[in-house]
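Colleague: I'm new to reading models like this one. Could you walk me through the ligand surroundings and the aromatic rings?

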Amino acid sequence: MNLNELMLGCRTYRRFLQEKVPEEVIREALENARIGSNGANLQPLTYYAVTSEEKVKQMQPLLKWAKALPPELGTPKEGEQPTAFIVMVKKANAIAFADVDVGIAAHTIALTAWSHGIGSCLLGSINIPKIRELLGVPEEDQIRLVIALGKPSHTSTIVPVGADGKTDYYLDEERNYYVPKRAFDDVVTFV
Ligand SMILES: Cc1cc2nc3c(=O)[nH]c(=O)nc-3n(C[C@H](O)[C@H](O)[C@H](O)COP(=O)(O)O)c2cc1C
């Protein structure tokens with residue numbers, strides 16, 4: 001798979017087969033994130049890999065899924081939920097660029113996982129106090145993002161943004177996703 005093919009497939013997935021994510025995949029994803037570029041090489045990020053059955057279960061109610069959809073369609077039900085999580089944490093007194101670092105590392109993790117057929121969903125709508133308590137994240141550190149992981153049980157396809165300009169993703173009757181992306185010439189200017 002070349003990088004463009006990897007990027008095309010590396011969509012957001014919100015329903016998963018109930019199979020364990022191989023630990024080697026999680027380790028490789030975190031290793032790639034660890035060695036990635038970051039502002040001033042300050043390396044302000046730490047990661048919690050949530051893989052135990054008990055903790056994975058406890059994470060499920062602490063996440064908000066698919067803002068564009070009614071919960072009965074967008075929220076994974078039991079038997080569809082992710083089977084591992086990575087919680088991304090920004091150290092206390094990190095510089096402003098650290099949020100760029102979060103984005104770079106998050107997509108590095110998503111791409112590495114997808115290169116092994118493991119889908120992901122980056123989640124920013126999360127119950128931070130409860131996740132902090134569950135994982136024992138120090139009070140001074142900032143929980144920034146959760147990455148849900150698992151083998152997807154649906155497809156997701158990029159489609160052009162329609163004449164109405166709407167970018168909300170939508171589902172077909174099998175709850176497969178369609179994700180409108182703006183056209184190349186609408187977002188790129190060569191000067
Ligand atoms: C920073 C960030 C935060 C996100 N937070 C959530 C979230 O809380 N819940 C959710 O279901 N999806 C979340 N998403 C997934 C987006 O909805 C998704 O990336 C977008 O709809 C485009 O779909 P695609 O990733 O397949 O291109 C988030 C994505 C990013 C990059």
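**Around the ligand**

Modeller: Sorted by class, the shell around the ligand holds seven nonpolar, three polar and four charged residues (nonpolar means Ala, Val, Leu, Ile, Met, Phe, Trp, Tyr, Cys and Pro; charged means Asp, Glu, Lys and Arg; the others, Gly among them, are polar). This is a predicted model, where local features need pLDDT of at least 70, side-chain atom pairs count only at pLDDT 80 or more, and totals for chains, interfaces and linings use all residues. Residues are numbered from 1 along each chain as its sequence is written, and side-chain values use heavy atoms, leaving out hydrogens and water.

Colleague: Which residues are the closest to the ligand?

Modeller: A residue is near a molecule if one of its heavy atoms lies within 4 Å of it. Here 14 residues surround the ligand, and the closest are Arg11, Thr12, Arg14, Ala66 and Lys181.

Colleague: Now the rings: how is an aromatic pair described?

Modeller: By the distance of the centres and the angle of the planes. Rings of Phe, Tyr and Trp (its six-membered ring) pair if their centres lie within 6.5 Å; planes under 30 degrees apart are stacked, over 60 edge-to-face, and the rest tilted. The whole structure has three aromatic pairs. In one of them, Tyr13 and Trp114 have ring centres 5.1 Å apart and planes at 20°, so they are stacked.

Colleague: Is Trp114 buried or exposed?

Modeller: Buried means under 20% relative accessible area, exposed over 50%, and partly exposed in between (1.4 Å probe, protein chains only). Trp114 has 18%, so Trp114 counts as buried. Tyr13 is buried too, at 4%.
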